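Here's a walk through one protein chain, going from the overall fold down to a handful of residues. Keep the viewer open while you read.

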Amino acid sequence: MRVLGLVFAGTATEQRLEMVRFLGETLGLEQVTIDGVEADVFELADGSRFAVADPRGMGDTSRSVGLLVENLDDAVAELRAAGVEVGEQPGENAVQRYIHFRAPDGKLYELIENRLAQNG
């Protein structure tokens, strides 16, 4: 597996509206809309994204970190072969495919594949 970078971070919070205002007004981040994402998403200058969701909006975690991989299916197969707990099916939105996995620290992380790279 080849991890290309850290491309996503997210938080699930009761203070979603306050966080959205803080990220946009105080930090000056650009809010973007992505079909299939039920969160407020902000894009950073390097192309990475930060999402703010309602509690439990990101599943079994209050924080999420996404690692970019070249090929999600190959990466999932490698994790499973190594005995790592991986979600059943990848999720997807308009720009990415992703799947959650539980690392040795017991926390959930996700692998992300850009769909645009697949479509040329």
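A couple of ground rules come before the tour. This is a predicted model, so to speak of local features we need pLDDT of at least 70, side-chain atom pairs count only at pLDDT 80 or more, and totals for chains, interfaces and linings use all residues. Residues are numbered from 1 along each chain as its sequence is written, and side-chain values use heavy atoms, with hydrogens and water left out.

Let's begin with the fold. You'll find 3 helices and 9 strands in the chain; these are DSSP runs numbered from the N terminus, with helices being H or I of at least four residues and strands being E of at least two. Going along the sequence, the pattern reads β-α-β-β-β-β-α-β-β-β-β-α. The radius of gyration is 14 Å, close to the 14 Å that the globule rule gives for 120 residues, so the chain is as compact as a globular protein of that length. That radius is taken over C-alpha atoms, and the rule is 2.2 Å times the number of residues to the power 0.38. Along its principal axes, the C-alpha trace spans about 45 × 35 × 20 Å.

Now for packing and surface. Of the 120 residues, 36% count as buried, where buried means under 20% relative accessible area, exposed over 50%, and partly exposed in between (1.4 Å probe, protein chains only). Take the contacts (heavy atoms within 4.5 Å) between residues at least 6 apart in sequence: 54% of them join residues at least 24 apart.

Our first stop is Thr13, which sits in the loop between strand E1 (3-12) and helix H1 (16-26). Thr13 is buried, with a relative accessible area of 13%. Not counting residues up to four places away in sequence, Thr13 touches Met19, Val52, Ala53, Asp54 and Pro55. A polar atom of the Thr13 side chain also lies 2.9 Å from the backbone nitrogen of Gln15.

Asn93 is another loop residue, placed between strand E7 (91-92) and strand E8 (96-102). Asn93 is buried as well, at 8% relative accessible area. Here, a polar atom of the Asn93 side chain lies 2.9 Å from the backbone nitrogen of Gln96. Leaving aside neighbours within four places in sequence, the contacts of Asn93 are Ile34, Asp35, Gly36, Val37, Tyr98 and Arg115.

Next comes Asp40, in strand E3. Is Asp40 buried or exposed? With a relative accessible area of 18%, Asp40 is buried. Its side chain makes a polar contact with the side chain of Gln31 at 2.9 Å; a polar contact is a pair of N or O atoms within 3.5 Å, where within protein one must be able to donate a hydrogen and the other to accept it, and residues adjacent in sequence count only if both atoms are side-chain atoms. Beyond its neighbours within four places in sequence, Asp40 has contacts that include Arg16, Val20 and Phe50.

Leu44 counts as partly exposed, at 31% relative accessibility. Setting aside neighbours within four places in sequence, Leu44 is in contact with Leu29, Arg49 and Phe50.
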